Amino acid sequence: EVCWPKVNYSNKEPVDAAEFEKVIPDPVKAMQEAQCTVCSILYRDPSEVKANSTINFNIYDFDGVAHASGNTIEFSSRHIQKFTGDKAKTEFYGVTVHESVHTLQNFGGEGGMVEGMADFVRIRAGLYEDGRRRPGGNWSDPYTTGGFFFSWLAGPGILYQDGYDDKNIDVGYE
């Protein structure tokens with residue numbers, strides 16, 4: 001229950017964000033499922049979760065992708081317009097999971113760690129666009145690079161098997 005919050009959903013750009021509601025017909029349930037996914041990857045016991053009883057989930061026009069602060073997640077209608085079909089589904093659910101991590105993280109560490117861990121959860125949930133993983137970088141690089149590094153430490157997942165055994169599936173938790 002702690003990872004299944006009440007969700008206040010607001011789409012302030014119904015025309016610009018129409019693809020979002022087409023791909024995700026029940027945004028409230030999708031946000032609750034995203035919160036539950038994050039909890040299952042980052043925590044082992046409900047008593048550990050820094051939960052919000054309510055999540056505010058808003059779509060409106062701004063430059064960027066999305067951001068989270070406290071118990072609020074905001075998604076850019078401009079970003080939504082760039083996607084359709086199956087790619088839209090992966091992107092919209094992936095961004096929702098990534099931002100949900102921020103509402104449930106026990107913040108500690110640098111920006112690269114915080115954003116890398118959010119992408120790690122998105123990767124482990126199987127919601128990362130194929131082909132975004134690239135060689136090189138540093139473990140402390142935010143977003144994609146850090147996320148794939150943490151996933152590599154954890155071992156094979158939904159998206160990437162890489163032909164090796166599990167290493168430490170509790171990387172996100174630890």
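**View 1. The surroundings of E74 in this predicted model.** Setting aside neighbours within four places in sequence, E74 is in contact with N58, Y60, F62, V65, A66 and H67. To find your bearings, look for E74 in strand 4, which covers residues 72–76.

**View 2. Polar partners of the E74 side chain.** The side chains of E74 and H67 are joined by a polar contact of 2.6 Å. Another polar contact, of 3.1 Å, links the side chain of E74 with that of Y60.

**View 3. E74 as a buried residue without a salt bridge.** Here we turn to charge.

**View 4. Helix 2 packed with helix 5.** Now for a pair of helices: helix 2 spans residues 27–42 and helix 5 spans residues 111–124. Their axes are 10 Å apart, and the packing angle is about 105 degrees. The two helices are therefore roughly perpendicular to each other. On the helix 2 side, V38, I41 and L42 make the contact, while helix 5 contributes M117, F120, V121 and R124.

**View 5. Y143 and its positive phi.** Y143 sits in the loop between helix 5 and helix 6 (144–154). Most residues other than glycine have a negative phi. Y143 is not a glycine, yet its phi is positive, at about 60 degrees. Y143 is also partly exposed, with a relative accessible area of 43%.

Methods
Residues are numbered from 1 along each chain as its sequence is written. This is a predicted model: local features need pLDDT of at least 70, side-chain atom pairs count only at pLDDT 80 or more; totals for chains, interfaces and linings use all residues. Side-chain values use heavy atoms; hydrogens and water are left out. Helices (H or I, at least four residues) and strands (E, at least two) are DSSP runs, numbered from the N terminus. Buried means under 20% relative accessible area, exposed over 50%, partly exposed in between (1.4 Å probe, protein chains only). Lys and Arg count as positive and Asp and Glu as negative; His and the chain ends are not counted. A salt bridge is a side-chain nitrogen of Lys or Arg within 4 Å of a carboxyl oxygen of Asp or Glu. A polar contact is a pair of N or O atoms within 3.5 Å; within protein, one must be able to donate a hydrogen and the other to accept it, and residues adjacent in sequence count only if both atoms are side-chain atoms. Contact means heavy atoms within 4.5 Å. Axes are lines fitted to C-alpha atoms, for helices over the stretch in contact, and angles run from 0 to 180 degrees between N-to-C directions. Angles under 35 degrees count as roughly parallel, over 145 as roughly antiparallel, 65 to 115 as roughly perpendicular and the rest as oblique.
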